[in-house]
Amino acid sequence: MSSDPTPSHPRTHPAPLPPPTATSPLVLAGLREDLRRAAYTVEGLDGLLGPVAASALHREQPLPATRATEGTAGGAAATLVRCFVLGLPVGSLDLEVALPRTGVGGLLGLGLVRRSADGEGGHRVTVRATCDLRPYGTEQETWWVASDLSELAVGGPLPTDHVLGIGGASTTLASWTPRPRVGRALDLGTGCGVQALHLAGHTGERTVTDLSDRALAFARFTLALNGVDADVRHGSLLEPVQGERFDLIVTNPPFVITPRRADVPLYEYRDGGEAGDALVAGLVRDLPDHLEPGGVAQLLANWELRTGEDWRERVGGWLAGTGLDAWVVQREVQDVAEYAETWARDGGHRPGTPGFEVLYAAWLDDFAARGVERVGFGVLTLQRPATVREPWLDLVEVPHPVAAPMGPTILAGLQARTWLAEHDEDDLLDVAWRVTDDVTEQRVGRPGAVDPAVIQLRQGGGLRRVVRLDTLGAGLVGACDGELTARQLCSGLAVLTEASVDDVVPAVLPLLRELVADGLLR
């Protein structure tokens, strides 16, 4: 995914093993059936490990999972967890039992395991996994994803060409991606292929790209194992699709802001090879040429913030002149020390070690040189307008938990904001709006008081917005039951408040637009 494949840091650990090979569909179909029958699924592993061991594993603490899979009680799934998640040696006979259609011979042929020297006194033949292979899915789908062995299995710093498995960024992007049925989709910087799996359910054709040949090998295997077709291409960012347009572009680009120094490793899965946030800024400016009219791009990003700089100005500058509609949600802001700690630790460098301290200092120096004091993280939803009009721009901060998945909310929000951009105030007032089912009203006041001091709307799903209402706003929303138009409700409010309709309408219009955009009114 990086735009600079040359590592700037000498590797001090063994090179990773070759990626698995996608052989015949028949062999992969047998492995897929073996994994399913072994209950090697998300639900199966949750039941096997339990919440404590599963949570520890997410924190890269393997001991509880190791204990939970000892002995024979866990059966086939336990054998597979020990082999492909924990990276432990397992007996060949145990794997034969766990995967009877594939067998150890089949796994060796696929390049998923190698013979090990860890046998018990030479009397037990064992094998070790060459990669991480674990279940992943949604409520509707079950998949298996191959990637390089994780840090907990390797037991030290990762090589710079490491192919990351399922991480927080990939699951965030998958959750926030809208999923309309479209013809052509692009997974830019596919990594191990996670986003392409999601795209398979609602797209006609899929193209996946990555600068890393190693990542593409894993993506090919993951897609083949799950029976997903895609056009796999090598190249940096949008270079492999020059002159082509898509209905949907999904990308988890290498957005991490990393010092450009010889003593700082550049990991292909996260580092784009450009200073600061320039890579993502450039990508945003290039996206319009690759979107069909009405096409959508969904991506994650970091942005640098200098002293006194508003994040909306920073990101808004990226979007200026692109002609794209943009809905940007800032989810988190870290000071430079927090950010440095996060990414110095990523890749296997532990706090308290000399290597960590060198990396930590390098990040702080890099930010200081550019006057950066904070780093924002967020989700960008970009749309090329289907008609000739001024693009709309909505940049909001949502640091609190939101619904999952967010994709349906994003799709509905795109449609609502586009409708608002293409209709005037008269159209807005002539609709009979209805409060959505997940919205509740909260009134707070002093004990014994006749009127509440605060009236708030609370959205149960989506962005889980909390909107404070004044008297007019409360009256308008309280009457939105889909029977009367907003114009009729404004006339009624004018009578009740003894005000002019000409005064009521402009007072409630901003609230009405806000509630429609965020789905509190339908």
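Start with the rings: the structure holds nine aromatic pairs. Here Phe, Tyr and Trp rings (for Trp, the six-membered one) pair if their centres lie within 6.5 Å; planes under 30 degrees apart are stacked, over 60 edge-to-face, and the rest tilted. Bear in mind that this is a predicted model, so local features need pLDDT of at least 70 and side-chain atom pairs pLDDT 80 or more, while totals for chains, interfaces and linings use all residues. Residues are numbered from 1 along each chain as its sequence is written, and side-chain values use heavy atoms, leaving out hydrogens and water.

Select Phe255 and Phe377. Their pair is tilted, with 6.0 Å centre to centre and 45° between the planes. Phe255 is in the loop between β9 (246-251) and α11 (278-286) and Phe377 is in strand β12 (residues 372-383), so the pair ties together parts 122 residues apart in sequence. (Helices, H or I of at least four residues, and strands, E of at least two, are DSSP runs numbered from the N terminus.) Both Phe255 and Phe377 are buried, where buried means under 20% relative accessible area, exposed over 50% and partly exposed in between, with a 1.4 Å probe and protein chains only.

Next, pick Trp419 and Trp433. Their ring centres are 5.8 Å apart with the planes at 85°, so this pair is edge-to-face. Trp419 belongs to helix α15 (residues 407-422) and Trp433 to the loop between α16 (425-429) and β14 (439-444), so parts 14 residues apart in sequence are tied together. Trp419 is partly exposed at 25% relative accessibility, while Trp433 is buried at 8%.

For a ring with a charge, show Trp327 and Arg417. The charged end of Arg417 sits over the Trp327 ring, 3.7 Å from its centre; the test is NZ of Lys or CZ of Arg within 6 Å of the ring centre and within 35 degrees of the ring normal.

Now select Trp303, Trp311 and Trp318, which ring pairs link into a cluster. Two of these names come back in the largest nonpolar core, which has 67 residues: Trp303, Trp318, Val328, Trp363, Leu380 and Leu382 touch the most other members. Such a core is a set of buried Ala, Val, Leu, Ile, Met, Phe, Trp, Tyr and Cys residues joined through side-chain atoms within 4.5 Å. Strand β10 (residues 291-306) gives the largest share, eight residues. A second, separate core of 50 residues includes Ala38, Cys83, Val194 and Phe221.

Stay in strand β10 and click Asn302. Is Asn302 buried or exposed? It's buried, at 3% relative accessible area. The Asn302 side chain makes a 2.6 Å polar contact with that of Tyr339 and reaches the backbone oxygen of Gly376 at 3.1 Å. A polar contact is a pair of N or O atoms within 3.5 Å; within protein, one must be able to donate a hydrogen and the other to accept it, and residues adjacent in sequence count only if both atoms are side-chain atoms. Leaving aside neighbours within four places in sequence, Asn302 is in contact (heavy atoms within 4.5 Å) with residues including Phe255, Trp318 and Phe377.

Last stop: Trp144, in strand β5 (residues 142-147). Trp144 is buried, at 0% relative accessibility. What does the side chain of Trp144 reach? The backbone oxygen of Tyr40, at 2.7 Å.
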